[in-house]
Amino acid sequence: MDDIHQQWMEKSFEYAADALNSQEVPVGCILVYKGEEVIGVGRNEVNETKNAARHAEIVAIDQVLSWCVHRQIKPKEVFGQTVLYVTVEPCVMCAGALREVGVPLVVYGCANDRFGGCGSVLSVNKDELPTLGTSFQCISGVMGDKAVTMLKDFYRMENINAPDGKRKLKNIAD
């Protein structure tokens, strides 16, 4: 089973790399239906859309909802048979969204020590939150080192989207 998780995670990293190349926080994900079909993909789009809610997971969820509409399938039935592969632990917002739509399993690379919703900060994935939907399981650490490396690469770059007063000025000698 670990080889399967690694194979799907490799695909998620393609979207994380695209995010990094677009000067977004390098998070990428895929939603895999019935273990065989990618029906939603996402990467962070926060900077380019100027919308703080456009995290990779939300983008992928939106794609799956459209996929369901076009096939006239109930989203709860589809999400209940999907696995999310994401390079970084979902934040609290995304963990709540994943519970709401009913994704049963999330496989992720590295922990999100600042905003993690799957155990690093809060355990939205499994806490008793009866109004939020069914809890979900997590498998962490799949290609985690690669995820951390990509995050470090991003945070070494100058964020051209940051407000002028918050922008890090790079030393030309670096």
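Reader: Over the face of which residue does Lys 146 lie?

Author: This is a predicted model, and what follows is computed from it. A charge counts as sitting over a ring if, for Lys, NZ is within 6 Å of the ring centre and within 35 degrees of the ring normal. Lys 146 lies at 4.9 Å from the centre of the ring in question, which belongs to Phe 13.

Reader: How are the rings of Phe 154 and Tyr 155 arranged as a pair?

Author: The structure holds three aromatic pairs. In the one formed by Phe 154 and Tyr 155, the ring centres are 4.9 Å apart and the planes stand at 80°, and because planes over 60 degrees apart count as such, the pair is edge-to-face.

Reader: Is Phe 154 buried or exposed?

Author: The cut-off for a buried residue is a relative accessible area under 20%. Tyr 155, with 45%, is partly exposed, whereas Phe 154 has a relative accessible area of 7% and is therefore buried.

Reader: Which strands stand at the edges of the sheet?

Author: The five strands form an open sheet with mixed pairing, in the order S2-S1-S3-S4-S5. A strand with a single partner has one side left without a neighbour in the sheet, and this is so for S2 (37–43) and S5 (137–139).

Reader: What is the bridge partner of Leu 31 in S2?

Author: Strand S1, which spans residues 28–33, runs antiparallel to S2 and is joined to S2 by six bridges. For Leu 31, the partner in S2 is Gly 40.

Methods: Residues numbered from 1 in each chain as written. Predicted model: local features only at pLDDT ≥ 70, side-chain atom pairs only at ≥ 80, totals over all residues. Heavy atoms only, no water. Phe/Tyr/Trp six-rings, centres within 6.5 Å; stacked < 30°, edge-to-face > 60°. Buried < 20%, exposed > 50% of the residue type's maximum accessible area, 1.4 Å probe, protein only. Pairing = 2+ DSSP bridges. Helix = DSSP H or I, 4+ residues; strand = E, 2+ residues; numbered from the N terminus.
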